[in-house]
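Please read the following report alongside the sequence and the coordinates.

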Amino acid sequence: MDEKANPLREGLQGERTPAPTTMVIFGASGDLTKRKLVPALYSLARDRLLPPVFNVVGVARREIPDEKFRDAMKEATNKYARRRPVEDGLWKTFSDGIFYVNGTFEDPATYQRLKKRLEEIDKDRDTGGNRVFYLSTPPSEYPIIVKQLGAAGLINKDKRGPSTRVIIEKPFGRDLESAQALNKEVHGVLREDQTFRIDHYLGKETVQNILAFRFANGIWEPLWNGRYIDHVQLTVAESIGVEGRGGYFEQAGILRDMVQNHMFQFLCLSAMEPPVAFEAEAVRDEKLKVLRSLRPLPTEPKDVEKFVVRGQYGRGFVNGQEVIAYRDEPGVAKDSRVETYVALKLSIDNWRWAGVPFYLRAGKALPKRVTEIAIHFKRAPHAIFGQALRGRLADEPNVLSIRIQPDEGISLKFFSKVPGPTMELLPVPMEFRYGTSFGAEPPEAYERLILDCLLGDGTLFTRGDEVEASWTWIDRIEKAWAALPAPNFPNYAAGTWGPKEADRLIEDDGRVWRKP
Amino acid sequence: MTPPDDTDRLQVFERGDAIEVSPARIEAELAALWRRAAEARPGQIPNPVTRACLWNLVVRVHGKDDFTRAKKVIDDLAQRIPARTIVMRTEPDQPEGLRAWVEANWRRREGGGPASGSDEVTLWAAGKAVERVPSLVRSLLVSDAPTAMFWTTSLPSPGPIVAELIHQADRLIVDTRKLGDERGLGDLCALGLREPELQLADLSWLGISPLRGMCAALFDAPRDPEVLERLDRVRVVSNIKGTQARGLLALGWLMSRLGWSETARVGEEQGARAWKAKRRDGKPVALELVTDPGGDHGVAGLELHVGADVWSLQRDTSIHVKGPDMPPRSQPARSHSDAELLASALGSRGRDTVFRDALACAAALVQS
C-alpha cells in the first residue's frame with residue numbers, strides 16, 4: 001500500500017503501533033484462545049501497543065451471545081494474563097471490541113455471517129477493513145478454513161487496500177506431503193507475505209537474542225565455525241510426561257512435536273550465515289540455507305539408527321514424584337511405538353560447519369525442564385597445564401551455553417587458576433542472566449508474535465519453503481522407523497536423561513551429553 | 001546514617017541500608033562487603049549473590065528534601081535497572097567536609113533471599129571539598145558501562161566542576177517541569193548545542209510519550225496524514241505541578257514535526273498563552289497553551305483543528321479520543337512514576353533525537 005508517511009510517527013517507531021485491525025480467531029472456544037491469545041491481546045492493549053481501534057471476533061461452533069463470550073474472555077484473562085487482575089476501565093475499552101460469530105468451519109454460511117458482521121464492525125468502529133485471521137483449530141481444519149475464507153471474499157490478496165493476514169498455528173502439516181498440500185491451499189488464496197506460520201518459541205526473548213548475540217557482537221563470529229567449535233548440543237528437555245495429552249501425542253511423537261519446528265529453528269538460528277539485514281526475507285533465506293545444507297541420512301533404515309536414537313519413557317520418578325509409563329497414559333496404546341525421546345546427530349555440509357556435528361535431543365519425563373543451545377569449543381591445542389587439571393576436568397572444553405528456558409541467559413565456561421600456591425585450575429562460569437540485568441518483565445512470546453503480525457513483520461515466523469525443507473528431513477526418519485522392527489520400548493525410566501543408546505550416539509564420537 | 005558497629009556491617013549491607021565509609025576506601029569497602037555477603041556462614045552453604053551494573057548513574061541533588069525524594073526514586077529504579085548509582089549532594093556554602101556512604105540495592109528473590117544487587121554510593125561534600133567530587137566520581141565509574149547524569153531539579157550550572165562531570169557522561173537526564181522556570185528549556189537547548197554528542201533525556205518529554213503516540217495514531221493509515229499540513233489551530237491544556245514544560249514540549253513537538261516557523265506570541269491572559277506561527281505552506285496556525293490548575297496529569301487536553309474538524313485527546317481518569325468520521329473512544333490513562341520515567345530515560349527512548357527538535361521549538365515559544 002503506497003502511503004504518505006505520518007510525520008508525527010517520527011521518533012515513535014519504538015512504539016510500533018499497528019493500523020486499526022480486527023482479529024478473527026477460529027477456534028475461539030479452545031484452550032489456546034483462553035490461555036494465550038486473548039490474554040496476550042489484553043497485555044498488548046495494556047502496554048498501549050494495540051492500535052487505537054482493535055476488535056476481536058471469536059468464531060466457534062457453539063452459539064454464544066457477544067456478552068457471554070466477553071465474560072468468558074475476561075475470566076480467562078484474569079486467570080492467565082501476564083498482568084492481572086485485569087483493570088476494569090481498560091477491560092471495558094478492550095472488550096467493547098470483542099464479538100462472537102458461531103458456525104461450523106465447513107459451512108459456507110458461517111463465512112457469509114462472518115463477512116456481514118465484519119462489515120458492520122468496520123463501519124461502527126472505523127477499522128478500515130484490516131484483518132488478521134488466527135487459525136487456532138485442529139490442523140485438519142486449516143485447509144478448509146483457508147479455502148472458505150477465499151471463497152467468501154474475505155481475503156484481499158492485492159497489496160493495495162486493507163491488509164489481510166492469516167496466522168496458522170503449528171503443526172503445519174504432519175509430513176512433507178500434507179505440508180505441501182497445505183502450502184498449496186494457502187498460496188491459492190494468500191500471498192506468502194500474508195501467511196504467518198507461528199512457532200511460539202521464536203517469540204521468546206532468548207531465541208531472538210541468539211541473533212543479537214551472534215550478529216551484534218564482533219567477537220563471536222570469527223570463532224563461530226569449525227575451526228574453533230568442536231560440536232554443538234541442542235537440548236529441549238521437559239520434566240513432565242504427556243499428562244493427559246496421550247491421544248494427541250500418539251499422532252505426533254516428539255520428532256514431529258519438537259524437532260521439526262522448535263529444534264530445527266534453534267539449529268537454523270545457531271548455524272545460519274549473517275543475514276544482510278534483520279528483516280523477514282533476509283533472515284528466512286539464511287535459515288532455509290541451513291536446512292538445505294543438512295547432510296541427508298543414509299538410505300538404509302538400519303543405518304539411520306547410527307544418527308537417530310528414539311526412546312519412550314517407562315515408569316519412574318521426576319523430582320521425587322512418581323510418573324507413570326507413557327504406555328499407561330490415557331489414550332495411549334499399550335504397545336505404542338511412539339517416541340517420547342529422540343536424539344540426533346546432524347551434519348551441515350557447508351564451509352562454516354564442515355566437520356562440526358550438531359547433537360540434538362528432545363524428550364519428555366527427563367530430570368528437569370530445560371531448553372538450551374551449548375556451543376562446545378575446541379580445547380587448547382597444547383596442554384601446558386596437564387598436571388593442574390584434575391581427572392575428568394582435563395577433558396572439559398570451553399562451553400558457551402544459551403539458556404532459552406528457564407532462567408534465561410548466557411554463560412561461558414572457562415578455566416581459572418584456583419587461588420593458592422599451586423597451579424590448580426577449575427572451570428568457572430561467566431554468566432549473563434536476563435533476570436539480573438533487565439528488571440523489565442519480558443513480554444509473552446504470543447504478545448511479541450501477534451504484534452509482529454499486526455505490523456506485517458514476518459521475521460519471526462516460518463516461511464513455507466522452510467517448513468517443507470524441515471519436513472523433507474523428518475520424513476526420512478519417519479520412513480526409516482516405519483521400515484524397522486518395533487523398538488524395544490520403554491527404554492528409559494522417567495526422570496533419567498534418556499536411553500543408553502543416546503549416550504552411545506555421542507560417546508562413540510568421544511563426546512558426552514551435557515547435564516544442563 | 002550512623003556508622004554501624006563493625007560486627008553489624010554485613011547485616012546492615014544485606015538489609016540494603018547505608019554504611020559510612022572513608023571516601024578514599026569506597027571501592028575497597030564495597031568489594032569487601034560483596035565478598036562477605038557471598039561467603040558461607042557457619043553451618044550454611046555459600047550464598048550466591050550477583051552484583052550487577054548496566055549503567056553508571058550519577059545523581060545530583062540539592063538539599064535534604066530533594067535528597068530524600070531522589071533516594072526513593074533510586075530505590076524504585078534499582079528494581080528495574082541495575083546501576084551503580086552515585087548520589088552527589090554538594091553544599092559549597094557550608095564548612096568544608098567530605099563524607100561517603102555505601103549501600104546495596106537488592107532485587108529480592110521470591111521468598112525473600114537476595115538474588116542480585118547493585119551499588120549505591122552517596123557523596124556529601126561541603127565548602128572547598130566540592131571541588132574534589134568530580135575526581136571521586138571519575139574513580140567510581142564502572143568501566144565499560146555507560147554513564148548517565150541525572151540532575152533532579154536543576155540544570156548543570158556552568159563551571160569547571162560541572163563541565164568535568166558532563167564530560168564523563170554519555171547521557172544527561174533532567175526533568176524540565178522541575179526546573180522552576182520555563183526559561184530552563186532555553187538553557188537546556190543551549191547546553192545541547194554546546195554538547196552535541198551528549199544525549200539529552202527529559203522525564204517530562206518521556207511523560208508525554210503515550211500522548212504523542214495516541215495523537216500520532218489518529219493520523220495513521222488508512223487515514224491521510226496530509227490533513228496535518230492544514231492544521232489551523234492547536235490547543236493544549238496543561239495542568240501539571242511545576243513548570244508547564246510538558247504542554248510546551250507538546251506544542252514544540254507538533255511545531256517541529258510539521259515544520260512550523262516564525263513563532264510570535266500574540267497574547268497572554270491569566271492561565272492562557274497564545275502564539276501564531278507559519279505553516280510550511282505559508283499560512284498561519286494558532287497555538288494556545290491553557291494552564292488548568294485542576295489536576296496533575298501533565299497534558300490534560302490536546303486539540304487539533306482544521307476548520308470545523310477537530311481531533312481531540314482529553315484526559316481525566318481515561319483518555320477520551322474524538323475525531324471527525326470516527327467513533328469516540330476511551331483509552332486507559334496511567335500515570336508514570338519518576339522511577340518508571342527514569343528507567344525509560346536509561347533505555348532507547350533516552351536518546352530520542354526528536355526531543356532536541358521539540359525542545360528548540362518549545363524554548364522558542366517561551367522566548368517569543
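## Chain B as a whole

In chain B, 70% of the contacts (heavy atoms within 4.5 Å) between residues at least 6 apart in sequence join residues at least 24 apart. The model is predicted, and local features need pLDDT of at least 70, side-chain atom pairs count only at pLDDT 80 or more, while totals for chains, interfaces and linings use all residues. Residues are numbered from 1 along each chain as its sequence is written, chains are lettered from A and ligands numbered from 1 in the order in which they are written, and side-chain values use heavy atoms, with hydrogens and water left out.

Chain B contains 11 helices and 17 strands, these being DSSP runs numbered from the N terminus (helices H or I, at least four residues; strands E, at least two). Its C-alpha trace spans about 80 × 45 × 35 Å along the principal axes of chain B. Of the 368 residues in chain B, 55% are buried, where buried means under 20% relative accessible area, exposed over 50%, and partly exposed in between (1.4 Å probe, protein chains only).

## The interface of chains A and B

The contacts between the two chains involve 31 residues of chain A and 41 residues of chain B. Together the chains bury about 3000 Å², of which 55% lies on carbon and sulfur atoms; buried area is the accessible area (1.4 Å probe) that two parts lose on being put together, summed over both. On the chain A side, A:Leu8, A:Arg48 and A:Pro52 lose the most area to chain B, and together they account for 25% of what that side buries.

Two salt bridges are found across this interface, the rule requiring a side-chain nitrogen of Lys or Arg within 4 Å of a carboxyl oxygen of Asp or Glu. A salt bridge links A:Arg9 with B:Asp220, and the closest N and O atoms of this pair are 2.8 Å apart. Helix H3 (88-95), helix H4 (108-125) and helix H12 (434-437) of chain A each supply at least two residues of the side that touches chain B, and the largest share, three residues, comes from H12(A).

## Nonpolar cores and an enclosed helix

A nonpolar core is a set of buried Ala, Val, Leu, Ile, Met, Phe, Trp, Tyr and Cys residues joined through side-chain atoms within 4.5 Å. The largest has 148 residues, and A:Phe26, A:Leu114, A:Phe133, A:Phe264 and A:Phe358 touch the most other members. Helix H9 (residues 254-271) of chain A gives the most to this core, with 11 residues. A second, separate core of 93 residues includes B:Leu179, B:Leu211, B:Leu302 and B:Val366.

Helix H7 (residues 205-215) of chain A is largely enclosed by the rest of the structure, because eight of its 11 residues are buried. Among them are A:Gln208, A:Asn209 and A:Arg214.

## Two individual residues

A:Arg284 lies in helix H10 (residues 280-293) of chain A and is buried, with a relative accessible area of 2%. Not counting residues up to four places away in sequence, A:Arg284 touches A:Gly458, A:Thr459, A:Phe461, A:Thr462, A:Arg463 and A:Glu466.

B:Ser261 belongs to strand E11 (residues 261-269) of chain B and counts as partly exposed at 33% relative accessibility. Apart from neighbours within four places in sequence, B:Ser261 is in contact with B:Ala277 and B:Lys278. Between B:Ser261 and B:Ile319 there are 58 residues in sequence and 30 Å in space, taken from C-alpha to C-alpha.
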